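Work through the exercises below with the model open beside the text. Each task is followed by a solution in steps.

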Amino acid sequence: MIRIGSVLVSEGKGGVYGEKMLKGYRVWDPYRSKFAALARIYDGIDLESGWDVLYLGAANGTTVSHFADYVRTVYAVEFAPRPMQDLIEVSDRRKNIVPIMADATRPVEYAAFVSEVDMIYQDVAQPNQAEIAVSNLPFLKKGGTLVLMLKTRSVDVCETPESVFEDSKTIIESSGLEIEFSCWLKPYHKDHACIVCRHV
């Protein structure tokens, strides 16, 4: 990925969501994007130009648009109608985004539109986030990467974030995925954790 000094940036036309520009590149703000925060914390994460990515929880497409600046195709799954409208506008400006209105808990609904991918990136605010990631594994190539952005307070507000984090890692490992890296996204995102896995 491209960095100018310590600032993560992406190529492509700006003005998607009011992002700053730096020397002609789009600034990828770690306080607005959990993937950008991960890239600040962990230098082992990357996006490659030949990759296809399944993005679960695309929202209004801000982070999706940066992914699209790097990879070949982004299959962007979003459930809520209002963010989907914004996502469609973003996809009009970046032709390698495939917007899919569907529920990430039901991968069978979009299986016909998604090819095998190099990365699954998940950022959904639902109680069963680890289980959703596991249910989408049939889309991931062997050797591919799964990045789970865990919103611990959405999983269980009665449990501590630390407990939710550990339980989620157990679910991920029991599915056969190999955890390469995990961390909290402090100071960029409170009570958010990240699990990076390899499909072995």
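**Exercise 1.** Is Ser 168 buried or exposed, and which residues does Ser 168 touch?

Solution. Step 1: Ser 168 has a relative accessible area of 5%, so Ser 168 is buried; buried means under 20% relative accessible area, exposed over 50%, and partly exposed in between, with a 1.4 Å probe and protein chains only. Step 2: not counting residues up to four places away in sequence, Ser 168 touches Ala 130, Leu 150 and Ile 195, where contact means heavy atoms within 4.5 Å. Step 3: Ser 168 has its place in helix α6; helices (H or I, at least four residues) and strands (E, at least two) are DSSP runs, numbered from the N terminus.

The model is predicted: local features need pLDDT of at least 70, side-chain atom pairs count only at pLDDT 80 or more, and totals for chains, interfaces and linings use all residues. Residues are numbered from 1 along each chain as its sequence is written, and side-chain values use heavy atoms, with hydrogens and water left out.

**Exercise 2.** Describe helix α6 and find which of its residues are buried.

Solution. Step 1: α6 covers residues 161–174, and its 14 residues reach 20 Å from first C-alpha to last, close to the 20 Å expected at 1.5 Å a residue. The expected span is 1.5 Å times one less than the number of residues. Step 2: the buried residues of α6 are Pro 161, Val 164, Phe 165, Ser 168, Lys 169 and Ile 172. Step 3: these residues lie on the same side of α6, because they cover an arc of only 135° around the axis; the arc is that of the directions from the helix axis to the C-beta atoms. Step 4: their cover includes α4 (129–135), β9 (140–151), α5 (152–155), β10 (177–184) and β11 (192–199). Step 5: just after α6, Gly 176 takes a positive phi of about 100°.

**Exercise 3.** Which residues of the largest nonpolar core touch the most other members?

Solution. Step 1: a nonpolar core is a set of buried Ala, Val, Leu, Ile, Met, Phe, Trp, Tyr and Cys residues joined through side-chain atoms within 4.5 Å. Step 2: the largest has 36 residues, and Leu 38, Ile 45, Leu 47, Phe 67, Met 119 and Tyr 121 touch the most other members. Step 3: α1 gives the most to this core, with five residues. Step 4: leaving aside neighbours within four places in sequence, the contacts of Phe 67 include Trp 28, Val 53, Met 119 and Tyr 121. Step 5: a second, separate core has 28 residues, among them Val 77 and Ile 132.

**Exercise 4.** How much space lies in the largest pocket, and how much in the largest cavity?

Solution. Step 1: on a 1 Å grid over the protein atoms alone, a cavity is a set of points where a 1.4 Å probe fits but cannot get out, and a pocket is an open set with protein on both sides within 12 Å along at least five of seven lines; lining residues have an atom within 4 Å of a point. Step 2: the largest pocket holds about 310 Å³. Of its 21 lining residues, Gly 57, Ala 58, Ala 59, Glu 78 and Asp 123 are the closest to its centre. Step 3: the largest cavity holds about 30 Å³. Its lining residues include Tyr 17, Trp 28, Asp 29 and Arg 32.

Definitions and conventions:
Grid points are joined across faces, edges and corners, and a volume is the space filled by probe spheres set on the points.
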